[in-house]
Each structure stands twice: as C-alpha cells, then as structure tokens.
Amino acid sequence: MTSFKFEDDFIEDNVRCIPMLVRFKLDAAGIKLKLAEWSKFKAAERNELVILPCNTKKQVVAYKNYLHQLILQRAGSEPTPLTIDQHPAWANIDIVDESLQVKAKEYNWDISIEQWKGLDNLQRFALLKLYRPGHENKNFPKAMKEFGLIDNVVIDN
C-alpha cells in the first residue's frame, strides 16, 4: 500500500504533498522533510521514498542516508533533524490517545480499544497526525470512515 484513499486528492498530481507512508518513515528516520524540499524532488524520487523499506534498523539507516543525500542534492540544504519518539502513541495498542478521543468526540464518535487494536501501525499513525492543529483536519473524518471506525456517515469533500 502506498497511500490511503483520503490522500487521493493530492496523490494524483505527482504526489505534490507528502503521503502518510512517507511521513511515517520520516518519523522513524528522524528527519523533518519540508514541503518546499519535497517539491524539489523528481517524481521518481518521491516514489522511491514511498516504496523504500524502512522497517529494520539497517533499512532505517539506508532510508535516512538516501533522504539526506536527496535533500542536499535537490534543496541544497542540510536536512532538519527530528527527534525520534521512542514510545509513539500509535505504537501503544492498549490505550487510545486521549487527545484523539477528544477530537473524535467533537463528531460524537468514540474509538474503542478493540477498534484501536484492529488498526495497523500506519492507520494509527495517520489518525494521530490528522487531528493535530496545522494539519488539514478535513481528512480526519475521511480517515475514520476509510478505516472502518464509523459507519453510515456521509463525509463532505
């Protein structure tokens, strides 16, 4: 899987925004990728960042090195480091993040622990990113629906 359905709006145009899958890998690699840097990458390079594995320590190091060189080459600047969270909320399947629940309650929704456990790491990561200030919150309801957490809800585009 390379993108979620809720990302379709911006994936079609040569991946003009950073897909959640890449954001997930950036967090693992400890690099903050700015949209201005992303926009300087060639389409093939963006796709490479989507498909490159980033699961094992060796893969994470390789991903980080590739991205580092890409930013230097295309943007002409050093990458911005990002602190790697050793205990990210998305990795804790026993507790639904309280702030996420507060956001869900704004829509009169609730995320049960069973639903939370039923999501994969990338889905939990996406939900936690989508509700935060500064992110396009319009995709939060779309993701909730796509992930099967809400039923029979009409989501406006």
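From the N terminus, the elements follow the order α-α-β-α-α-α-β-α-α-α-α, giving 9 helices and 2 strands. Helices (H or I, at least four residues) and strands (E, at least two) are DSSP runs, numbered from the N terminus. The model is predicted: local features need pLDDT of at least 70, side-chain atom pairs count only at pLDDT 80 or more, and totals for chains, interfaces and linings use all residues. Residues are numbered from 1 along each chain as its sequence is written, and side-chain values use heavy atoms, without hydrogens and water.

Among contacts (heavy atoms within 4.5 Å) with a separation of 6 or more, 57% join residues 24 or more positions apart.

Helices α4 and α5 pack at about 160°, with axes 11 Å apart; axes are lines fitted to C-alpha atoms over the stretch in contact, and angles run from 0 to 180 degrees between N-to-C directions. Because of this angle, α4 is roughly antiparallel to α5 (over 145 degrees). The residues that make the contact are listed below.

| Helix | Range | Contact residues |
|---|---|---|
| α4 | residues 43–51 | Glu 45, Glu 48, Leu 49 |
| α5 | residues 57–75 | Tyr 63, Tyr 66, Leu 67, Leu 70, Arg 74 |

Beyond its neighbours within four places in sequence, Leu 100 contacts Ile 111, Trp 116, Leu 127, Leu 128, Tyr 131 and Phe 140.

Key: Parallel < 35°, antiparallel > 145°, perpendicular 65-115°, else oblique.
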